[in-house]
Protein chains: 2
Amino acid sequence: MLPANIEIRDYLAGLIKQSRLKQNERLPSERELVEQFKSTRITVRDALSKLESEGLIYRSNRRGWFVSPPRLEYDPSSRVNFYLLAEQQQRTPATELISQKRIKGPQTARTALAVAADEKLIELVRLRSLDGRPVLYEFIYLQESRFPELMKKDLEGSLTTLMQRDYNVEITHEDNRICVSAVYDQVADALSHINGAPCLEIRRIRYEGERKAVEFDIEHWVHSAIELRIPSH
Amino acid sequence: MLPANIEIRDYLAGLIKQSRLKQNERLPSERELVEQFKSTRITVRDALSKLESEGLIYRSNRRGWFVSPPRLEYDPSSRVNFYLLAEQQQRTPATELISQKRIKGPQTARTALAVAADEKLIELVRLRSLDGRPVLYEFIYLQESRFPELMKKDLEGSLTTLMQRDYNVEITHEDNRICVSAVYDQVADALSHINGAPCLEIRRIRYEGERKAVEFDIEHWVHSAIELRIPSH
DNA sequence: CAGTGGTCTAGACCACGAT
DNA sequence: TCGTGGTCTAGACCACTGG
């Protein structure tokens with residue numbers, strides 16, 4: 001005899017795998033599932049959380065639970081930009097610039113970029129979406145001195161292209177660190193997640209030349225929206 | 001006014017970050033926390049789940065909650081074996097061979113290895129630990145024809161070394177796919193996790209020569225135990 | 001406005017781990 | 001055997017979304 005939470009999970013997972021529920025379709029409401037399975041919301045929500053962990057469904061704040069579309073395949077080493085990547089996979093990308101500031105920034109960013117004690121950093125915060133669903137909340141830190149007048153430019157497109165065209169930056173290599181983490185507060189809100197939901201976190205340092213770091217990013221991906229692909233030779 | 005679950009989370013996160021609770025130390029029991037915060041187990045467990053998602057704590061089945069040690073840094077492209085990797089980071093590794101079988105295997109493995117319809121695969125299932133804590137449950141699929149007598153050998157050490165030494169296999173490249181997934185049943189049990197807990201999943205195809213796939217792995221990592229490091233040039 | 005999920009109360013029984 | 005977490009019952013109120 002399976003526990004009720006697993007039974008509910010299996011039932012919904014079956015519907016999704018048989019495509020009886022299509023991608024981005026809303027699931028029955030929690031209360032409907034409670035009735036259907038003669039169970040309680042605690043148990044139903046437990047089942048839904050499991051499906052969310054697996055990446056089969058996602059939530060949209062207080063609107064309901066939805067079937068996840070296929071994951072975006074992303075090779076961090078390829079340096080293909082977000083727009084191109086999305087379009088190659090028949091998805092519609094969008095970017096919203098949440099904020100741009102001159103600030104001291106977090107210590108991790110200052111260390112990565114090796115800035116002097118009195119120098120400020122430029123912080124860009126962006127929210128990126130696929131087919132209207134927010135999937136990525138990112139913090140970008142740059143050295144002000146290397147990018148004068150940056151904040152007057154269009155910051156919703158590809159930063160790599162902009163850096164190349166307007167500042168003659170050629171990225172020679174980068175260092176990516178990937179782990180499972182959790183989102184809170186404004187990140188959780190923007191991604192329509194609850195506080196403490198798991199996410200895939202990528203921290204990246206980009207270099208021009210052997211030791212000259214020019215960019216530090218922290219990316220928070222909705223975990224069901226992405227699959228990393230790392231070829232190695 | 002913060003919700004109670006966040007308040008409890010913040011309190012415990014504070015204890016951990018100030019090292020008032022040391023790595024691998026047990027947290028107060030759920031019922032103790034209920035008393036301390038005049039709350040309920042639902043709320044306390046909600047806070048604990050959030051900390052687990054963040055990787056700050058882990059659970060050991062029905063024994064309690066414990067403070068996570070630092071993550072193992074792992075570069076899949078480096079092909080350093082597990083033992084060496086662990087020892088470089090002052091950790092004590094161990095491997096347990098759970099099972100070895102000749103089976104048809106899952107379709108994903110058969111496709112990856114491009115085996116004939118009637119050929120069986122060798123499946124190895126292993127559990128790997130750091131300092132006594134299980135962190136990785138892996139399924140390994142190999143072509144029987146390429147590895148005769150394999151099942152008579154020591155399968156708890158480095159497979160790469162064994163393949164090289166006894167079968168003259170030289171891995172030329174590999175393809176890694178990384179996503180956040182969830183563990184169930186025997187995987188969850190072995191990792192001391194509950195059904196549906198998130199994990200970091202790595203699927204890997206290893207090649208000798210341009211197109212000759214010799215190994216297909218599915219790794220389930222306890223998500224708080226690992227950080228991937230991907231340098232790119 | 002009604003309906004949704006987010007949070008919470010105040011308990012209960014069970015399986016399993018440590019001793 | 002006792003304490004632990006795992007699962008579950010049967011509700012409640014709130015904040016927010018959409019029509």
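This is a predicted model: local features need pLDDT of at least 70, side-chain atom pairs count only at pLDDT 80 or more; totals for chains, interfaces and linings use all residues.

**A serine and its surroundings**

If we leave aside its neighbours within four places in sequence, B:Ser39 is in contact, meaning heavy atoms within 4.5 Å, with B:Ile8 and B:Val34. Residues are numbered from 1 along each chain as its sequence is written, chains are lettered from A and ligands numbered from 1 in the order in which they are written, and side-chain values use heavy atoms, with hydrogens and water left out.

Where does B:Ser39 sit? Its place is in the loop between α2 and α3 of chain B, where helices are DSSP runs of H or I with at least four residues, numbered from the N terminus. B:Ser39 has a relative accessible area of 17%, so it counts as buried (under 20%, with a 1.4 Å probe and protein chains only).

Now to the two helices: α2 of chain B, residues 30-37, packs against α3 of chain B, residues 41-54, at an angle of about 110 degrees, with their axes, which are lines fitted to C-alpha atoms over the stretch in contact, 9 Å apart. That makes α2(B) roughly perpendicular to α3(B), a term covering angles of 65 to 115 degrees, on a scale from 0 to 180 degrees between N-to-C directions. In this packing, B:Glu30, B:Arg31, B:Leu33 and B:Val34 of α2(B) meet B:Arg41, B:Val44, B:Arg45 and B:Leu48 of α3(B). The residues of that contact divide into four nonpolar, no polar and four charged, with Val and Leu among the nonpolar types, and Glu and Arg among the charged ones.

Definitions and conventions
Angles under 35 degrees count as roughly parallel, over 145 as roughly antiparallel, 65 to 115 as roughly perpendicular and the rest as oblique. Buried means under 20% relative accessible area, exposed over 50%, partly exposed in between (1.4 Å probe, protein chains only).
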